[in-house]
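Let's take a walk through this one together. Have a look at the chain first, and then we'll go through it piece by piece.

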Amino acid sequence: MSAKDGLSRDRGQIALAAIDVSVKYEKLSSSKRGAGRLQNIRLIPSRSTKFGVENVSIVAYEGEKIGLVGRNGSGKSTILRAMAGLERISSGTVLARSQPVLLSVSPALIPERTGNENIELGLLAMGLSPSAVADTVHRVADLADLGRELDDPINTYSSGMGSRLRFAIAAVNPNTDILLIDEALGTGDAAFQDRSEAAIDNIISNAGTIFFVSHVPSAVVKMCERAIWMYQGRPIMDGESREVALTYQRWSNHTVAKEFDEAQRLIDEVSEAYEPPRIELV
């Protein structure tokens with residue numbers, strides 16, 4: 001497999017390639033039919049299709065750290081889940097040198113079980129042996145820093161406490177060749193964010209190729225040398241992380257200021273300049 005992606009330097013060996021990947025969802029809705037009295041009105045079910053991502057091609061090379069930026073609903077998390085094999089793709093292909101591992105703040109918690117019980121169950125679900133779980137539980141508890149609250153059921157937690165516990169469980173992922181990080185830094189207070197950043201730094205130092213999704217352009221610049229801007233389910237810009245982040249921030253500032261014409265002109269400009277990678281399967 002080889003690829004040309006418009007970036008001039010020799011990129012080395014390909015670690016992961018998403019080729020024309022689409023993820024679509026069937027949406028069930030209903031419309032009213034009939035007129036007159038209430039009993040004469042019928043609800044007619046109908047289906048419509050919505051794309052999470054559409055015809056997305058992305059190539060990642062060995063050792064690259066790639067940031068994904070874009071607003072909510074742009075397809076960042078969807079393409080990450082597709083690359084990890086956690087989202088069923090409607091068309092296209094994902095090829096990877098080894099199994100990608102998704103680090104996210106969204107592992108499921110069982111509301112009726114305590115925090116400590118959820119830690120043990122979460123680690124077992126990640127594939128750790130019972131002996132490894134026993135050795136790892138205290139690390140998760142230290143990172144979450146919920147104290148005696150870990151003895152209480154999850155359904156008594158605030159949303160922030162639940163997010164902290166989810167992240168702490170997910171952050172114990174074993175060393176991996178291809179690591180996908182989804183919004184992992186947006187959780188908790190400043191002290192917890194310091195600990196979570198340290199945990200992620202440790203994970204990253206032991207990982208190979210990395211994708212990092214964030215709403216915060218400065219975090220992408222800090223952690224990645226390359227960035228991709230996702231917009232309405234597709235990449236529209238791919239290049240040096242600082243340039244992509246600054247361009248995305250300009251667009252975001254235009255939308256916040258309701259300067260919609262300027263925002264659209266910027267979208268048109270970067271979309272016209274974007275060249276998707278050309279991937280050849282050998």
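This is a predicted model: local features need pLDDT of at least 70, side-chain atom pairs count only at pLDDT 80 or more; totals for chains, interfaces and linings use all residues.

Start with the whole chain. Of the 282 residues, 44% are buried. The chain also exposes about 15100 Å², with carbon and sulfur atoms supplying 48% of that. Now think about who touches whom: take the contacts between residues at least 6 apart in sequence, and 71% of them join residues at least 24 apart.

Next, head inside. The largest nonpolar core has 50 residues, and I119, L123, L165, I181, W229 and W251 have the most contacts within it. A separate core lies apart from that one; it has 23 residues, including I58, A82, A84 and F211.

Let's zoom in on L123. Setting aside its neighbours within four places in sequence, L123 is in contact with L128, V133, T136, V137, V140, I169 and V172.

Helix α3 covers residues 130-144 and helix α4 covers residues 159-170; their axes come within 8 Å and cross at roughly 140°. Because of that angle, α3 counts as oblique to α4. Where the two helices meet, α3 brings V140, L143 and A144, while α4 brings R164, L165, F167, A168 and I169. You've come across some of these already: V140 and I169 are among the contacts of L123, and L165 is one of the residues with the most contacts inside the largest core.

Technical notes. Residues are numbered from 1 along each chain as its sequence is written. Side-chain values use heavy atoms; hydrogens and water are left out. A nonpolar core is a set of buried Ala, Val, Leu, Ile, Met, Phe, Trp, Tyr and Cys residues joined through side-chain atoms within 4.5 Å. Buried means under 20% relative accessible area, exposed over 50%, partly exposed in between (1.4 Å probe, protein chains only). Contact means heavy atoms within 4.5 Å. Accessible areas come from the Shrake-Rupley method with a 1.4 Å probe; for residues, only the protein chains shown count as cover. Axes are lines fitted to C-alpha atoms, for helices over the stretch in contact, and angles run from 0 to 180 degrees between N-to-C directions. Helices (H or I, at least four residues) and strands (E, at least two) are DSSP runs, numbered from the N terminus. Angles under 35 degrees count as roughly parallel, over 145 as roughly antiparallel, 65 to 115 as roughly perpendicular and the rest as oblique.
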